[in-house]
Amino acid sequence: QLQLVESGGGLVQAGASLRLSCAASRRTSGSYAMGWFRQAPGKEREFVAAISRTGGRTDYADAVKDRFTISRDNAKNMVYLQMNSLKPEDTAVYYCAASQVFGRGGYPYRGQGTQVTVSS
């Protein structure tokens, strides 16, 4: 069973940056595409970003494009989400997820999440 643990969330002011990290319990290199999702209070979980198994392809939701960057270090079994120019509407619990298929949905493995709160 693949386990994912997120870290790096916190409370920041609008315009600030945060970097989220996701540690996988076992080797992910070449096995899983990785994604980040978020869920704000009272809203459904939504896709944020995804990266292919080798890191050669990435995809972003329109709401975060040009502000967020997803990356991975397969040697360390880590995935990152660099978030710049944060806005109050980015406030949510952010989840790391893994799938054998690169895309915006269908990620069977997910972490417990890390809270990101952006104040205005």
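Reader: Which residue forms a salt bridge with lysine 65?

Author: In this predicted model, a salt bridge requires a side-chain nitrogen of Lys or Arg within 4 Å of a carboxyl oxygen of Asp or Glu. For lysine 65, the closest N and O atoms of the bridge are 3.4 Å apart. The partner is aspartate 62.

Reader: Is aspartate 62 buried or exposed?

Author: A residue counts as exposed when its relative accessible area is over 50%. Aspartate 62 has a relative accessibility of 64%, whereas lysine 65 has 39% and is partly exposed. Aspartate 62 is therefore exposed.

Reader: How many residues apart are arginine 104 and aspartate 59?

Author: The side chains of arginine 104 and aspartate 59 form a salt bridge, with 2.6 Å from N to O. Arginine 104 lies in the loop between β9 and β10, and aspartate 59 lies in strand β6 (residues 58-60). The bridge thus links distant parts of the chain, and the separation is 45 residues.

Reader: Which residues are linked with Arg38 in a network of salt bridges?

Author: Arginine 38 pairs with glutamate 46, their closest N and O atoms being 2.6 Å apart. Arginine 38 is buried at 5% relative accessible area, while glutamate 46 is partly exposed at 37%. The network joins Arg38 to Glu46, Arg67 and Asp90.

Reader: How many salt bridges are there by this rule?

Author: Side chains of opposite charge can pair when their charged atoms come close. The bridges include that of lysine 65 with aspartate 62 and that of arginine 104 with aspartate 59. The count comes to five.

Reader: Why is the pair of phenylalanine 37 and phenylalanine 47 described as it is, and what is the name of its arrangement?

Author: Planes over 60 degrees apart count as edge-to-face. The ring centres of phenylalanine 37 and phenylalanine 47 are 5.8 Å apart, and their planes stand at 75°. The arrangement is therefore edge-to-face.

Reader: Which strands hold phenylalanine 37 and phenylalanine 47?

Author: The two residues belong to parts that are ten residues apart in sequence, and the pair ties these parts together. Phenylalanine 37 is buried, at 9%, and phenylalanine 47 is buried too, at 11%. Their strands are β4 (residues 33-39) and β5 (residues 46-51), respectively.

Technical notes
Residues numbered from 1 in each chain as written. Predicted model: local features only at pLDDT ≥ 70, side-chain atom pairs only at ≥ 80, totals over all residues. Heavy atoms only, no water. Phe/Tyr/Trp six-rings, centres within 6.5 Å; stacked < 30°, edge-to-face > 60°. Helix = DSSP H or I, 4+ residues; strand = E, 2+ residues; numbered from the N terminus. Buried < 20%, exposed > 50% of the residue type's maximum accessible area, 1.4 Å probe, protein only.
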